[in-house]
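Hi everyone, thanks for coming. Please have the sequence and the 3D view open, and we'll walk through a few spots together.

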Amino acid sequence: MTAGPSRGRRYAMLFLFLCGFSIILFRLVTLQVLQAAELTAKADRQHQKTVSFEGARGTVSDRHGKVLAMNVEVPSVFGVPTSLESPSTVARHLSPVLHIRTGELERKLRQDKSFVWLARKLEPEQGRRLEQLSLDGIGVVMEGRRFYPKGPLLAHVLGFSGMDGQGLEGLERRYDSHLHGEKRVTVLQRDALGRTVFPKGLAEQVPTPGHALTLTVDEVIQYIAEKELEEAVTHTHAKSGTIIIMEPQSGAILAMAVSPRFDPNVVAKLTPDRWRNRALTDTYEPGSTMKVVVAAAALEEKVMTPGSMVFGENGHMVIANTTIHDHEKLGWITFSEVIQKSSNIGAAKTGMALGEQRLYRYLQGFGFGQRTEIDLPGEVSGLLKAPKDWGRRSLASISMGQEIGVTPLQMVSALATLANGGVMMKPYVVSEVRDQKGLLLKEVLPQVKRRVVSPDTARTMTTMMEGVVTNGTGAKAAIPGFRVAGKTGTAQKIDPRTGAYSSTQFVGSFVGYVPAESPRLAMIVVIDEPQGEAWGGAVAAPVFRRVGEQVLNYLGVSREDTVKIALATRDY
Amino acid sequence: MKMLTIVAGVMLVFVFVWERVDVVRLGYQIERLKSQKVLLERERDQLQVKFSSLTAPERIAKVATEKLGLVPPQQGQVLMVHQSGDVPGLSLQPVGQVRLARHIAAGGVSE
């Protein structure tokens, strides 16, 4: 029998198999258990590709649905340098289409990268020409680009968004959470050659676009304000200017114009100074327009009546070792005339009659020293010191609009309060937010902030301010056929070099409302550093008249002298 | 009977195959229409931007003054017409206004 060697071979074979299986088992345990996490991640990196899709940014329209900002898909072009045979030839073909120098394109295409952007968010025509070229290693993808079809119109309010669709300034920034489209991340599978295998149904997974905003602004009123402001700033060689038009009964902003303007379609070369919304980011000493607030407080507190007599000190009054001047020598005048003639001494005396605490309370009541809470970014609260920090002259100074910093928005908001019978409304620019199907998500209703003065005081102030336009410093704001209530303001600016009031730099302003008996518009015009004659009554009041007249015509508001016409109906 | 069963079976197979082919064909058609929809939506958006740019008040004012020689209305040239019956017995209904406007647009008011 030869069982011995046969058994030996069998054992040897068994041993070899066992060794082999042990090695395989060991390797399996190492790969499947010990290195499982690491290797799974490595495999995922090789097989999967994560891409993010973003829905289009929402549209912004004016109160009548006129589009002010919207997204359009435009071509962006990229290159795959590793798959290019002759980068210089490709660059020569691309250069005239992309308007980029050949050398610059070639440098990008010679990089040791598998993907490089050559130009993003081009004009649709450029995309068509690129497709006609059909160059190997060059691809075109569609990306959303923000367009502001009206150019500079309302730019300071709209703001702008960045290359990747994020809101950077203005409403684009404030409402970014509503405007930006849904971001969806999708994992794509890649085959052994690295080609993308699109998962089934990807085409249906289009991300939801952002929400659409409807503004309270009217593009025609905005245009009228911007056009007249530009003309005024150019004509007076001023540094800048602001106009705000508000609906007194609701607080809705109808127009917010800032000069100089900018085009949000081309912001790359501009500085923040250019796109800052000065209507709510910059403070100025209001000067005489503040007298309206002081007068309203005095009437409400019954410290004064329109007929109260005030002595004008013949144009000079010494307070805390400083002299207050009036621009004309005034004797005994009525309280109405203090406002009409814009007497500094009369205003100072009114403030002193009120006292620090009461004046401060009304200044706060009218919204000074605090944000109006308008739905725009960058608003400042202005400068209003507490009475404990006031100097010996502060009471008089604040009463005539010095030692206090206000924004144009705060000032027009205060005047709109008087136009609205003493009730302050919260200013706002966005009235509706809707989703992509037009479903109403948010409706902004007028919001009462507080009652500041009684309807009687508001009415009396209206009559007194009408006097400013009919017989006082604001004559150039008069709009034929309408009753206008308002106040002029001319404030010296503080010279940053000397720290004292400048004798050459002024802010001229006019703030008021029209028609006085039933106000449709509250408006402020601020002209910063006009050259030559700088009186608010000379530089800002005429702008108020021109804008007011056109806007009232546009809104179809009847003049007092309107001829009543009735037409008979006729059937055809 | 056997023959009939075979014919019916073959017919069923044909129907099944035809149905599968048609599903694929419709699938392609849906994809093509979807791409067309995307292109049309893109074109619509581009036209919307163009429309909004062309109707910008600034541009209209420029065309009106520089090309057509129009000027803003002067004082007294704007007359508000009241709709309410200010004169007893006479009234202007909105419908009447629309009709009137349409007739004027069509080349003058006709009886």
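**A walk through chain A**

Let's start in a loop: A:Asn314 sits between strand 11 (309-311) and strand 12 (316-319) of chain A. Keep in mind that this is a predicted model. What is the phi of A:Asn314? It is near 55°, a positive value in a residue other than glycine. Is A:Asn314 buried or exposed? A:Asn314 is exposed, because 12 other C-beta atoms lie within 10 Å, and a residue counts as exposed at 12 or fewer.

Now move along to the loop between strand 12 and strand 13 (322-325) of chain A, where you'll find A:Asn321. A:Asn321 is not a glycine, yet its phi is positive, about 65°. A:Asn321 is exposed too, with 7 other C-beta atoms within 10 Å.

Let's zoom out for a moment. Chain A has 20 helices and 21 strands. Its radius of gyration is 35 Å, well over the 25 Å that the globule rule gives for 572 residues, so chain A is more spread out than a compact globule. Along its principal axes, the C-alpha trace spans about 145 × 65 × 60 Å. Buried residues account for 44% of the 572 residues.

Next, please find strand 9 (residues 240-246) of chain A. Six of its seven residues are buried, so strand 9 is largely enclosed by the rest of the structure. Which strands does it pair with? Strand 21 (residues 521-528) of chain A runs antiparallel to strand 9, joined by seven bridges, and there A:Ser240 stands opposite A:Asp528. Strand 10 (residues 253-259) of chain A is also antiparallel to strand 9, with six bridges, and here A:Ile243 faces A:Ala257. The hairpin of strands 9 and 10 has six residues between the strands, and A:Gly251 takes a positive phi near 90°.

Two prolines deserve a look as well. A cis peptide bond links A:Ser259 to A:Pro260, with omega about 0°; A:Pro260 is in the loop between strand 10 and helix 10 (272-275) of chain A. The bond from A:Val514 to A:Pro515 is cis as well, with omega near -15°, and A:Pro515 lies in the loop between strand 20 (501-514) and strand 21 of chain A.

Last stop: helix 17 (residues 408-419) of chain A. Its 12 residues reach 16 Å from first C-alpha to last, close to the 16 Å expected at 1.5 Å a residue. How many of them are buried? The count is 12 of 12, including A:Pro408 and A:Ala419. After helix 17 comes A:Gly421, with a positive phi near 70°.

Note on methods: Residues numbered from 1 in each chain as written. Chains lettered and ligands numbered in written order. Predicted model: local features only at pLDDT ≥ 70, side-chain atom pairs only at ≥ 80, totals over all residues. Helix = DSSP H or I, 4+ residues; strand = E, 2+ residues; numbered from the N terminus. Expected span 1.5 Å × (residues − 1). Buried ≥ 20, exposed ≤ 12 C-beta atoms within 10 Å, placed from the backbone. Rg over C-alpha atoms; globule rule 2.2 N^0.38 Å. Pairing = 2+ DSSP bridges.
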